[in-house]
Amino acid sequence: LSCPPLQHWLQNGTCYINPSCGMYRCPSMTEAEVMTRCTAGGPLPQASFDLPKTGPDEVLRLVEDCGGEQKGRAWSYAGRPWETLSPERADVQCADGDCQADLADGGSYCFRTVNTSHVPRSAKARAARLLSQATFGPTTASITHAAYTLGGDVRAWLAEQFSLPPTSLRAHFRKHANPRAMVDNAAGVLRKPCERHSRWHQYAFNLYDEGR
C-alpha cells in the first residue's frame, strides 16, 4: 500500500504488521478510515476502538507515550482476552472474546508486538514454565512428573494438587519448635540440649568454654 502516513504509523507503532498473515493492523481505525487518512494525511484519532486479537505466537502490548517511556497499559497474548497493566490501567472491556479500549485524551498510544515462535516448546520446557508460575520452583523430579507422568496436562496437574492433603503450619511448627517454658508447671516436657529437634535459645558455646 502506497501511503506515507501509514508508513509513519508502522514506524511509531500505531499500526503494525501481523507476522502470522503479513497484513497491517490499525486498531483505532477501520480500513476505510485508513484509506481516507492516507489521502488526507490527517492525524490518528483517539477514541474507543476494538482491540485486535493476538495470534498463537504473538504478544501484543498497548503502550502510552510511544516516543518516550512507553508505559504499558494493556496486553494480550496467544489469543487470550486483553488484560490491563498496573499501575495506570487502561479502560478495557471484554465480552464474548471481543475487547474494546477507551483511551484518555491527550496521550499518544501505539502497539508493541513480540513474536514468540522461537520460545522452546518441548514438554519439559512447558512443564518448567508451569511449575515456575504455580509453585515455589521446579525440580528435576517435578518437571519429569508434570511433563511425562501427567503428559503435560495442566488440568491433570491442578486436579492432583487439589487432591493432596492440606499442610498445616501449626502442625509443622509444633513438630519442629521447642519454645521456652515460662511457668513452673508447663505442659509437656522440655527437650534436652542434645536431643533431636532441640532448639537453642542462647549460644551453644560461650567464653567459658574456650580452651576446653
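**Group meeting: a strand, its sheet and a helix pair**

Hi everyone, let's start with strand β4, residues 58-64, which is mostly covered, with six of its seven residues buried. Buried here means under 20% relative accessible area, against over 50% for exposed and partly exposed in between, using a 1.4 Å probe and protein chains only. Strands are DSSP runs of E with at least two residues, helices are runs of H or I with at least four, and both are numbered from the N terminus.

A quick word on the model: it is predicted, so local features need pLDDT of at least 70 and side-chain atom pairs count only at pLDDT 80 or more, while totals for chains, interfaces and linings use all residues. Residues are numbered from 1 along each chain as its sequence is written, and side-chain values use heavy atoms, leaving out hydrogens and water.

Now, which strands pair with β4? Strand β9, residues 109-115, pairs with β4 in the antiparallel sense over seven bridges; two strands pair if DSSP finds at least two bridges between them. In that pairing, Leu62 stands opposite Phe111 of β9. Strand β5, residues 71-77, also runs antiparallel to β4, joined by six bridges. There, Val59 faces Tyr77, and Glu64 has Lys71 as its bridge partner.

Put together, this is an open sheet of four strands in the order β6-β5-β4-β9, with antiparallel pairing. β6 (83-84) and β9 are at the edges with a single partner strand each, so one side of each has no neighbour in the sheet.

Over to the helices. Helix α3 (residues 123-134) packs with helix α4 (residues 140-149) at an angle of about 120°, and their axes are 8 Å apart. The axes are lines fitted to C-alpha atoms over the stretch in contact, and angles run from 0 to 180 degrees between N-to-C directions. α3 and α4 are therefore oblique to each other, since under 35 degrees counts as roughly parallel, over 145 as roughly antiparallel, 65 to 115 as roughly perpendicular and the rest as oblique.

Who makes the contact (heavy atoms within 4.5 Å)? From α3 come Ala123, Lys124, Ala127, Ala128 and Leu131, and from α4 come Ser142, Ile143, Ala146, Ala147 and Tyr148. These residues divide into eight nonpolar, one polar and one charged.

To finish, the whole protein: six helices and nine strands, with buried residues making up 25% of its 212 residues. Among contacts with a separation of 6 or more, 44% come from residues 24 or more positions apart.

Note on methods
Contact = heavy atoms within 4.5 Å. Nonpolar A, V, L, I, M, F, W, Y, C, P; charged D, E, K, R; others polar.
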